[in-house]
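Please keep the sequence and the structure in view while reading.

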Amino acid sequence: MAQRWTNTLTRADVTPRALWLNRRQIMAGAGALGLSGMAGHAAAQQALEPNSFEEITTYNNFYEFGTGKDDPAENAGAMETADWTVTIDGLVDNPGSYPLSELIGGLTEEERIYRLRCVEAWSMVVPWVGIELKDVLDRLGVQPGARYVAFETAVIPEVMPGVRRGVLDFPYVEGLRLDEAMHPLTILATGLYDRPLPNQNGAPIRLVVPWKYGFKSIKSLVRISLVEEEPRTTWNVLAPSEYGFYANVNPNVDHPRWSQATERRIGGGLFSSRQDTLMYNGYDEVAALYDGMDLEAQF
Ligand SMILES: Nc1nc2c(c(=O)[nH]1)N[C@H]1C(S)=C(S)[C@@H](COP(=O)(O)O)O[C@H]1N2
Ligand SMILES: [Mo]
């Protein structure tokens, strides 16, 4: 098993292919745990063994389709994602309403196996397929005054029972600072396990920011705006003392109602016990983005 994690492997050498990891992710995992050599590889392997397609697509948060973990899988199939358009506006050279194929066509898709840590203290590992958000923003031409990126989810009441019931203030909105949005770990996912993204996971395109709590990774995007001021974000507006704008995964800053020090890994078997939550969810390379910030005040 150990040789699977050496840097000489290509993904084609590994079966099943879902177990493929890139070296950078392995090193990020090992570094975060303060380990090296075999121990580090073993720890990284445990941390990044992907959840099953079944787990990833049946245990979801997508409140537009209901608040139960199984509601999105049950209800989201009714959403029509063909002919999807994304509106680009704000401080950008090329605003407009883009068919999805035009927005991302020609950009490099790659697999990214990322930990997903929900603020509710459960976690999964998901083999996303996507493109770097930076590539999209570069193509659109970010103007000098832009300091944040704001994101908005579709609202389709006819197929969204959670919207009809008003379980949150919809549209669901999120935001990133521009440097966070431009970080190479930040992707727009269009698939998982080499399949098109299932609707319950945010088809046809959703944000994935792996070092932040899952609620930042907003689904089924219909608008991306380049803006000057910090944008409103759904959970922060609902409960500002519980959910901050930054929402960086941080085992040292508890949620007011529960500890964030550990997490429950979804899925049975060997890795089902609670595990320690890692600073920045193990993605240490983002730490420089927050130099000089008080992470307890700006949670
Ligand atoms: N539009 C929208 N995006 C959303 C949510 C939501 O309710 N609506 N839930 C968030 C939360 S809390 C989490 S943990 C992740 C879950 O993503 P997954 O279901 O693909 O695992 O989606 C996030 N994106
Ligand atoms: Mo979440």
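## A buried tryptophan and its partner

Trp122 counts as buried, since its relative accessibility is 6%, where buried means under 20% relative accessible area, calculated with a 1.4 Å probe on protein chains only. The model is predicted, so that local features need pLDDT of at least 70 and side-chain atom pairs count only at pLDDT 80 or more, while totals for chains, interfaces and linings use all residues. Residues are numbered from 1 along each chain as its sequence is written, and side-chain values use heavy atoms, with hydrogens and water left out.

## Ring pairs

In the whole structure, a search finds 11 aromatic pairs, a pair being two rings of Phe, Tyr or Trp (its six-membered ring) whose centres lie within 6.5 Å. One of them joins Tyr59 and Trp122, with 5.0 Å from centre to centre and 90 degrees between the planes, which is edge-to-face (planes over 60 degrees apart).

Phe62 and Phe65 also form an edge-to-face pair, at 4.9 Å centre to centre and with 85 degrees between the planes. Phe62 counts as buried because its relative accessibility is 3%, and Phe65 counts as buried because its value is 0%. Elsewhere, ring pairs link Tyr148, Phe245, Tyr246, Tyr280 and Tyr290 into a cluster.

## Charges over rings

The charged end of Arg115 sits over the ring of Tyr283, 5.2 Å from its centre; the term requires NZ of Lys or CZ of Arg to be within 6 Å of the ring centre and within 35 degrees of the ring normal. Phe245, a member of the cluster, has Lys216 over its face, at 4.2 Å from the ring centre.

Conventions:
Chains are lettered from A and ligands numbered from 1 in the order in which they are written. Rings of Phe, Tyr and Trp (its six-membered ring) pair if their centres lie within 6.5 Å; planes under 30 degrees apart count as stacked, over 60 as edge-to-face and the rest as tilted. Buried means under 20% relative accessible area, exposed over 50%, partly exposed in between (1.4 Å probe, protein chains only).
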